[in-house]
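The stops below go in order, each with something to select and something to check.

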Amino acid sequence: MNQAIENIEIIRDRRAMGMNPSKFIVWLFIVSIAMLFAALTSAYIVKQSGGEWLNFNLPGMFWITSIIIIVSSVTMQLALSSARADRFNRLRTYLIVTVLLGLAFLIGQYQSWKQLVELDVYFVGNPAGSFLYVLTGLHAAHIISGLIFLLIVIVSSFKLKIHSRSLIRIEICTTYWHFLGGLWLYLFMFLKLNH
Amino acid sequence: MSTKNIELEAELHEHDHDHEHHQSFITKYIFSTDHKIIAKQYLFTGIFWAFIGGLLSVVFRLQLGFPDMDLEWLRPFFGKWITINGKLDPEFYLALVTMHGTIMVFFVLTAGLSGTFSNYLIPLQIGARDMASGFINMLSYWFFFASSVVMFISFFIETGPASGGWVVYPPLSALPQAMSGSGLGMTMWLTAMALFIASTLLGGINYITTVINLRTKGMSFSRLPLTIWAFLLTAIIGLLSFPVLLAAALLLILDRSFGTSFYLAEIFINGEALPNMGGSPILYQHLFWFLGHPEVYIVLLPALGITSEVIATNSRKPIFGYRAMIGSMMGITILSFIVWAHHMFVTGMNPFLGSIFMLLTLIIAVPSAVKVFNYLTTLWKGNIVFTPAMLFSIGLVSFFISGGLTGIFLGNSAIDIQLHDTYFVVAHFHLVMGSAAFFGMMAGVYHWFPKMFGRMMDEKLGYVHFWLTFIGIYLVFFPMHYIGIAGFPRRYYSFTNFDTFSMFTDLNAFVSVAAIITFGAQIIFAFNFLYSIFKGRIAPANPWRSNTLEWTTPRNPGHGNWPGKIPEVYRWPYDYSKPGAKEDFIPQNIPYSQTPESNLPFEKDLVEKEKAEKES
């Protein structure tokens with residue numbers, strides 16, 4: 001019995017203060033990713049100002065992938081509101097659509113690399129090109145992590161573990177996915193402006 | 001309502017399961033998610049690395065102090081790195097210096113210090129059952145462990161460990177053909193560091209979340225012990241700076257293994273032109289020092305936090321200028337990110353930019369001086385209890401002053417042209433960062449050992465350890481200032497190659513002897529530490545008569561830290577020698593309503609507030 005009282009304590013203690021700790025952890029995780037890309041884009045600017053910079057046009061594919069990632073953020077948000085309303089079929093549909101859009105984004109990025117190769121811009125060569133591959137590649141790696149997270153959420157949605165009273169997982173996933181979309185838009189804008 | 005109950009019950013059940021199930025040795029001591037065990041894992045690994053790092057320094061001190069010495073007896077350990085003449089191989093000398101730096105900065109004073117005390121003290125001092133995520137915490141330690149394993153194995157490979165200095169500047173580190181240490185050893189160094197960064201980020205994320213979200217009732221930010229403030233700010237610095245090192249390392253890996261040219265341009269090696277075009281090695285330095293300088297404070301801030309706590313407790317006085325301490329730590333945190341280029345004054349930087357970085361660097365003297373002033377004024381007229389922990393804390397303040405003063409010279413972009421990369425720099429950072437942080441760590445070990453292991457360390461051995469180490473460190477590093485001013489560069493294999501420096505032969509022999517004695521003193525500590533874990537005197541509940549919450553736990557706190565309710569906090573942690581109080585300390589969990597004799601006028605209102613809160 002004492003044990004049980006103590007355990008109630010533990011649960012209460014854990015929920016006593018402020019924001020849900022898992023959500024907070026994800027935000028801090030996002031900060032560290034942001035710093036990683038901030039470092040790389042700063043390095044890009046420093047290197048660019050140092051001269052010997054290769055000038056070329058950005059692949060047109062980036063426009064299409066940007067639209068794809070924006071749409072996927074919309075479907076992700078719709079999935080979240082479906083979960084809030086306990087509409088499970090819509091929830092699953094939107095989640096699956098989001099994953100498919102994420103995959104389409106990755107394929108699009110791969111196509112953009114092909115376009116770069118056609119422009120004679122290679123991974124090995126002038127840092128201007130290498131940076132482009134590193135920024136898109138590293139972002140794609142994070143998209144893959146987001147897709148894995150999405151798959152976990154889909155599995156738990158099929159197990160009915162996501163509903164209006166158990167939203168933390170899908171909320172965190174939504175936050176992360178929006179961040180990855182925003183990150184891509186930042187990178188695209190950055191590359192557009194510093195070219 | 002009913003669903004909620006079911007949820008709660010389900011979770012209760014899980015917890016019951018946790019408690020009743022007798023944990024095996026593996027889940028309890030190896031893959032543990034308990035913050036206290038993880039802290040001890042960090043501590044043991046850190047001490048292990050400290051001895052390895054210290055031994056390496058003794059070996060290269062032998063070379064520097066006694067260049068004619070026959071080192072044949074080291075052959076069983078170093079094999080072919082001892083040449084046929086019984087001398088240390090010059091390239092292996094560079095490997096020793098590199099690994100000494102890497103191990104001490106990252107494995108001992110980052111993981112060993114922050115990892116141990118952030119993990120141990122954050123939940124105990126803020127009144128939490130455990131870290132926000134025990135699993136992430138466990139992951140953090142095992143990433144560090146994996147990193148340690150990779151780094152350790154690199155000692156035993158054919159081409160030797162990384163040898164480009166702990167900063168691993170390209171192009172030396174980027175070209176495997178440049179020297180033997182830039183081969184596989186460098187690859188392993190980068191792998192180990194990538195794992196280490198992951199470990200630090202996971203740990204730091206957890207520390208920040210725990211401090212912000214899991215404080216007990218009444219533990220406002222203005223009642224947090226300064227240790228916790230220091231750990232929080234350290235974790236924030238790490239969160240913002242380690243990803244940048246990861247970016248730097250990533251580009252270096254791509255240059256090394258995939259042929260890109262981020263850091264490489266127009267290089268001839270052995271008369272052969274490399275294809276790389278358009279890169280810049282200075283770019284690496286910018287990225288590296290954007291971590292590298294904050295790293296100094298990642299190492300130092302926890303030590304300063306521990307010192308604040310130990311000095312206040314053992315002076316039996318409130319810390320002087322609690323808010324000024326927090327403010328100066330915040331100032332240091334912010335400034336640490338905008339001074340990195342003072343490591344690069346001689347890279348051909350625009351002199352105007354150099355002046356700006358010089359100005360920002362010198363501003364750091366202000367919060368640092370505020371902290372020193374506050375330590376001294378806390379000690380002033382205190383009823384000082386000279387425990388070993390207290391001695392180490394006072395030692396830290398001493399190193400912080402004497403090493404900090406030389407920072408004013410080095411931060412000056414004009415004087416730095418003469419002093420850059422000389423032994424003056426070595427003396428400076430070993431005092432202000434290395435020794436100070438090491439003393440903070442030792443103070444922490446002596447002070448919280450009773451809580452960690454339920455037993456006391458031997459005080460007499462502690463005093464011997466302190467005096468030998470304290471005097472030894474000054475004997476080692478003070479002469480280095482002179483060698484540095486005379487212009488001798490760091491990382492050089494031998495002093496005897498140039499006639500100019502022959503006059504320092506005796507001084508160098510002296511430094512080496514002092515270093516060996518100082519290292520020997522650490523064996524006293526190791527003995528004391530290990531012996532006391534098993535045979536030490538049983539510790540009382542609150543051996544230092546301290547105010548913070550960790551001393552309200554049982555002698556050996558179990559899973560969940562407090563057997564009953566978590567204590568609530570009513571006051572700040574520095575109510576020592578309060579006028580009128582019965583004892584000379586009032587722990588944080590004592591309400592003002594229980595101490596009418598010592599309440600200050602404004603605290604009488606707090607009594608009313610406490611009552612109102614109780615009733616509601």
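Helices here are DSSP runs of H or I with at least four residues, strands are runs of E with at least two, and both are numbered from the N terminus. This is a predicted model, in which local features need pLDDT of at least 70, side-chain atom pairs count only at pLDDT 80 or more, and totals for chains, interfaces and linings use all residues. Residues are numbered from 1 along each chain as its sequence is written, while chains are lettered from A and ligands numbered from 1 in the order in which they are written.

Next, select helix 8 of chain B. Its 33 residues should span 48 Å at 1.5 Å a residue, and the end C-alpha atoms are 47 Å apart, which agrees; the expected span is 1.5 Å times one less than the number of residues. At B:Leu239 helix 8 bends by about 30°, with the proline B:Pro243 following within four residues. The bend is the angle between axes fitted to the seven residues ending at a residue and the seven starting there.

Colour helix 8 of chain B by burial: 29 of its 33 residues are buried. Buried means 20 or more other C-beta atoms within 10 Å of the residue's own, exposed means 12 or fewer, and partly exposed lies in between, with C-beta atoms placed from the backbone. Now pick B:Ile253, which lies in helix 8. B:Ile253 is partly exposed because it has 17 other C-beta atoms within 10 Å. Draw a C-alpha to C-alpha distance from B:Ile253 to B:Ser173: 9.8 Å in space, for residues 80 apart in sequence.

Move to helix 10 of chain B, residues 322–335. Its 14 residues should span 20 Å, and its end C-alpha atoms are 20 Å apart, in agreement. Which residues of helix 10 of chain B are buried? They are B:Tyr322, B:Met325, B:Ser328, B:Met329 and B:Ile332.

Finish with chain A, which has six helices and zero strands.
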